[in-house]
Structures are given as C-alpha cells and as structure tokens.
Amino acid sequence: MSVPPQASGPPTGQDCSADRIGRFATIWSRAIFPATATSLTRAEFEQHLLPLAHRLSEALHALPFDAAPAQRIGADLVALHCTDPDALSRTLGVVDSYLVLYCAAGDELTPEEARAHCSRLQHALAAGFSQALRERTLAEQEAIARSALSARSAAEQALHATEARFRAVFEGAAIGIGIADLDGNVLELNDTLQRMFGGFGQSLRSRNVSEWVHPEDAPHVWGLYGELVRGERDHYRVEKPYYRSDGTVLWTNLTVSLLRDPEGVPQYQLALMEDTTERRLLNLRLRYEATHDALTGLPNRTLFFERLDKVLATGDGMRFGLCYLDLDGFKSINDSLGHSAGDRLLVEIADRLQSCATAPGEMVARLGGDEFVALTTGRDTEREVGELASRILSVLSSPIRLDGRELTVRGSIGIVEGPTGERTAAEVLRSADITMYRAKAAGGNRYEIADAEADARAITRHGLTMALPAALERGEFFIEYQPLVHLGDGSVHGAEALVRWSHPQHGVLGPDRFIPLAEHTGLIVPLGRWVLEESVRQARFWEQQHPAHTDGGPLRINVNLSPTQLHHPGLVADTVAVLERSGLSPGALCLEVTESALIGADDDLLKPLRQLAEMGIDIALDDFGTGYSNLANLRRLPVSVLKLDRSFTQGMQQHPADPVDLKIVEGIVSLAHSLELAVTVEGVETGAQADQLRELGCDTAQGWYYARPGAPDRIHSLLLADAV
C-alpha cells in the first residue's frame, strides 16, 4: 500500500500542535479519499477527518494508555462511507507512517513507547472498523428486505429517492442479492453475487432458478421453494450448494423471501446468499481430524461408534459382524524398540488391516493403543465375519521389517455376530472385548466367538472385582473353621481358617470365587491381614476357654498365605504384631503356602518364611503333589508340615483301595518322616479312608468325615467332646 508523499518536511518544534495534527489530517484525507464512496469534496472530507485525527493524537499521549478511542474512530470511518477494504489499509498505513512523526514530537514518550502505542491504536482501529462494517452489513440485509418490494414496484407512485436507496444498498451490499419472478427467471443480481459465481453476470441473468439443482441439495429444499412461489410461505432459509462456471462448488447460506405488492399479491422472490465455502471446508477438515486417528488415518473410536450405532439401529433382517483385535505382546515392542518404532509398526498394521476390509459394508477403525476393530454388515455375516477374522490373522502373520529387524506380530480377536436392532453399541463392544481376552487367555494368535454364558461369567467376575474393596470395609467377609484331627486318637489338633464372602446379591461365596480376583487387584494383602488377625484372635479365645487342651500342646490354627502375601515386605512384621496383640504363642500358628508358590523360589523369597519358622511358627506346604516340584527341594524349604492334596486319597474311598495310590502315599509319608516333617491329609470323607491313612502313618487329617467347615463355636463343641 502506498501513502501520498507530503509537500514539505516534518514540522519543527516551533510548529503548533494543532498545525501538526492538521497536516496529519491532510495526509490522511489524500490517502483514503479516492477509496471513499461519498459526495463530499476532499476539503470537506478532510474537515470530517480532523476531529478524528485530534482523538488519535490524544489517545497516543493518554496516560494510562487506552486504545479504545481508536476502535470508535474505526467505526466513525465506516459512518463516513469509508467501507472499501483499501480505505482501511491506507488508513493503517498513514497511522503507521505519520502519527508518531507528526503527533509525538517533543513529547515525554520515548520513541519505543510511541511506536508501541501507535501499533496498538492501529489494531484497535482495524477492530472497530471491522465490527462497524459487520454491523452495517447486517443492517443492510434488513434494509434490503424492507425496501425491495417498493424498489421493484411498477406502481406510478414509486419515489426516485426510494429507488436510489435500494440501488445503493443493492449494489454495495457485502452479500449476494438476486431477484427473480415467480416463474424462476432471474431478473437482477448484484456484483457480489456475480463474483461469487465467477463473474459471468449475463449468463446468470439468462438462467432459471430451477436449473440450479445440485446433487447435495437437502431433500426438502425444492419443496420449500415450491411452497414459496405458490404463496404458501413468506420465506425459508437453507444451506445450499451451487456449481460455478468453472465446475467448482459454491456453498451458501441461502435466504429466499417472497415479495408482495401493496394488495398482498406475490410478485417476486428475493434471494440473499452468504458464501460459506471456506467455512465449510474448514468444518470438514475439523470434522475429519475429530473422527480419524492422527497416526494411522483410520476412523477413530468416535466415527466407529457413529457407524456402529447406525448399523445397529437398522432392521429388515440385517446382520452385523464385529472383530475386536488386540495385538499380542505389543508392549514389549514399545519397551524394547521405543515408541517411535511402535508407531511405525501400528501404521504398517493399519495398512494391512485396511486391505482386509474392502467389501461394501466393511470398515476398519483404531480404538486406541494397539486395539483395532473391523465391522461387516449384510445378510450373511455369520460366514463373512469368520472369513474377515481369518484374513486379519493371515496378513498379520507376515513379518514386518522395521529398522533392519523382522518382527512377527500376532493378534487375538473377539468376534460378535448377530442381528441388528437387539443390542446397543456399548453392549456389543463389551462382549467383543470379553471374547478377545478369552482368545488371548487361550494362547493368542486366534479368534474366539462371543458366548453369552462366558460373557455373563466375565461380567460377574468384573462386578465382584469392583465390589471387593467396599466389601472388606463393610465387613462382608467371615471365617469358617474346619477341624484338624489326630489320626492316632481322633482328638482335635487344630483348625484351618477358611474365608467366605457374604455377598448381598450372590449369597455366600467360597474363596475360589474371589481369592484370584483379590490376588489380581492387590486386595489380597489387606484381606489376608484381616483373616490372620481374626483367626489368631479366635485361636487365643479357644486357648483361654480350654486351658486343659494345652497340656498336649497348643491348639493350632492354620491360615493360608497367597503368593502375593509371600512377596509383601511387611509379612514378618505384620505376623509378629498380630501375635503380640493377641497373646497367642507362635507355636499355635501354622501358615499354609501352596507348593506351586514355592517352585523355583530363591533365597530372597524363602527368607521371610525362614524368619517365621525360627520364631516357632509352623510352615505347611499345601496341595503337595500338584506342583511337580523336585522332592530334593524339600530339604531347603523351611517347612514342618506336608499337606497331601486330596487327589491322592480319592482312590481310597473305594474298596479295595487303589494300590497305586497306597504306594504313593506310603512313599510320601516315609520321605516326610525321614525329613522330620508331619503329614496332614485333606479331603477325608469316609471311615475307610481314615483307617487306611492311619495305617500308612499319616499324622493329622481333615475332611467332611470329621466335620464340614463351620462357625467357631463348632470347634468349641468338638473340644468339649474331646475333654469329656
């Protein structure tokens, strides 16, 4: 942008302030007068600018500084009909070049402060100009609607002034305006509308409105148009696309109004068009970014759920099939090669998955991380979804070359298939997720098909997992005790503590239903501590109630320890604290550890057990015979009791007893006694079993033959019976 040169040099210090501002106003008027639509002479126009120049100068010097006056000056320029964008550009140029020069001489402002104030004034002036121009445009739209009918009326009494005003608004409007008769023949259109369509005004005037049909027209557009020309409605507003002369598409916000004569008879139709092409393109781009994965370019979770919701809402015998894929071992690739390599691997996998879902009704999406979904729809998805899953596993089987390495990727797939209209998208994804984990648990690199019963079991397990912490706080757990009996004389030797869960919905649950869940969540540590405290407290109560029993040794309480508890650093300290608080002697406590938990145990894991054993606490090796451990390892384990698994004694329930089982038990008992270990047998259910085990030298036993697990007072009754 160029600014007219001044006739003389900048004012000196002797020039008056008013003279300097006057010269600034002269330069300003010379710059923008050619771009101003006004009937004023340049001198008259300069007189209108002079007070604006004074206000700019005052704003420049104001302390504290405030740019708001410049915003009002921008609005005043619009009021002076300086609406051409070039007028704003030239104004900003004059302010930038001459405001500080003519209005800041001899001022207390530093040059840097003056330039900073000038820059902010320019921004405020431009903002005020734009706001006022926008408000004027809106006002023009209202003025057009009010004046259009009278401006086009053929009545003799039409005033020339009204026609002139209409013409000024019509030609100078920032939006496209067109007028057509009720048959759709274009009669008038302004320059803005011509530019929107490519500048061929004559070709537009020769056309009929009905020719502007576009394939993306909303279904109701032409219905609304028909109602308008028939006089059934006065206006309508829609978003409508048009073809330009060069074949590109123009998108508009279209408002069409019906113009009536003074008697109310429809005469013309008036169209107001706002060009929204750029805005629409931006919205489409934002929509794409919001619905597609930035890394792979695949549809993301949002778009997939939109598609799935739409599919599931259909009926008419349609079916769907969904494959939920999770990569096996992807975390190890990320950890070893880095996330950058992991990202490139995901991009390659996404490309391969897209090649598997190319048929109509199929799509692939990335849900996040290493989880993908593939969807197929149709009437034969029972067959198609299995084929789709097989294709996915097949393309994953080919090695992927990455940074000079060949990586083999495997995946686990959960399949859900069925008729549409029966389940929600969330229910389908949950079932697919559960099924995928079944495939992963079965070894991976395979697919499994959803099963309602398996889903129900998984949902129940999840519900129990979520309820565990609150259950412990609410006191929903309780302990039953099963007596341990001396096989020699049948007296009660002790009891094993068995925890139960009194669930509000599912009733009483055995440990097999919730102990693995507690292990998985880490809640086993506080739960195990509670069981130990309650069991030791109960054992101390029995000891106090039956002091005579201690003559043959203390009544022993057996408490189970989980693998997670074994690894907990506070095991020894917690156990010691519980015994000290209760007053129970260490010799009355036996901690049971499963054989599988100690297979391959190193010295670090055995150290806390050795510390507990040195205190006098018995350590029992539970479920012995099921862990395939090396019998030689018994010598290095700090155990004092072997608990034979019930599988060894089941053959003794029949008569005659299985000779193989007899030999195995006899050998284990002999080995245990040679290592000075006591032997306890689980699962004794008949007298014949008890007799056989006593003859084989077993020390103690427990099972339904003696008593089922029960309340603490049941042990109390048995102890009373022993005393009698």
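Select Ala 68 to begin; Ala 68 lies in helix 3, residues 68-79. Helices here are DSSP runs of H or I with at least four residues, strands are runs of E with at least two, and both are numbered from the N terminus. This is a predicted model, in which local features need pLDDT of at least 70 and side-chain atom pairs count only at pLDDT 80 or more, while totals for chains, interfaces and linings use all residues. Residues are numbered from 1 along each chain as its sequence is written, and side-chain values use heavy atoms, with hydrogens and water left out.

**Confidence**

Colour the chain by pLDDT, the predictor's confidence in each residue, from 0 to 100. The chain average is 85, and 91% of the residues score at least 70. Now select residues 1-16, where the pLDDT is below 50. Beyond near neighbours in sequence, this stretch has 26 contacts in the model (contact means heavy atoms within 4.5 Å).

**Helix 3**

Go back to Ala 68. Ala 68 counts as partly exposed because its relative accessibility is 26%; buried means under 20% relative accessible area, exposed over 50%, and partly exposed in between, with a 1.4 Å probe and protein chains only. Show the buried residues of helix 3: Pro 69, Ala 70, Ile 73, Gly 74, Leu 77 and Val 78. From its first C-alpha to its last, this helix of twelve residues reaches 17 Å, close to the 16 Å expected at 1.5 Å a residue. The expected span is 1.5 Å times one less than the number of residues. Step just past the helix to His 81, which takes a positive phi of about 70°.

Next, select the five strands that form an open sheet in the order 7-8-6-11-12, with mixed pairing. Two strands pair if DSSP finds at least two bridges between them. Strand 7 (363-368) and strand 12 (446-449) stand at the edges with a single partner strand each, so one side of each has no neighbour in the sheet. On average, neighbouring strands are turned by 20° against each other, direction ignored. Axes are lines fitted to C-alpha atoms, for helices over the stretch in contact, and angles run from 0 to 180 degrees between N-to-C directions.

Zoom in on strand 6 (residues 319-328) and strand 11 (residues 410-419), which run antiparallel and are joined by ten bridges. Tyr 324 has Gly 414 of strand 11 as its bridge partner, and Asp 326 has Ser 412. On to strand 12: it runs parallel to strand 11, with four bridges between them, and Glu 448 in strand 12 is the bridge partner of Gly 414. Strand 11 is largely enclosed by the rest of the structure, because seven of its ten residues are buried.

**Cysteines**

Finally, show the cysteines. Counting pairs of cysteine sulfur atoms within 2.5 Å as disulfides, the total is zero. Cys 118 is in no disulfide, and the nearest cysteine sulfur, that of Cys 103, is 9.5 Å away. Cys 118 is buried, with a relative accessible area of 0%. Cys 590 is in no disulfide either; the nearest cysteine sulfur belongs to Cys 698, 16 Å away. Cys 590 is buried, at 0% relative accessible area.
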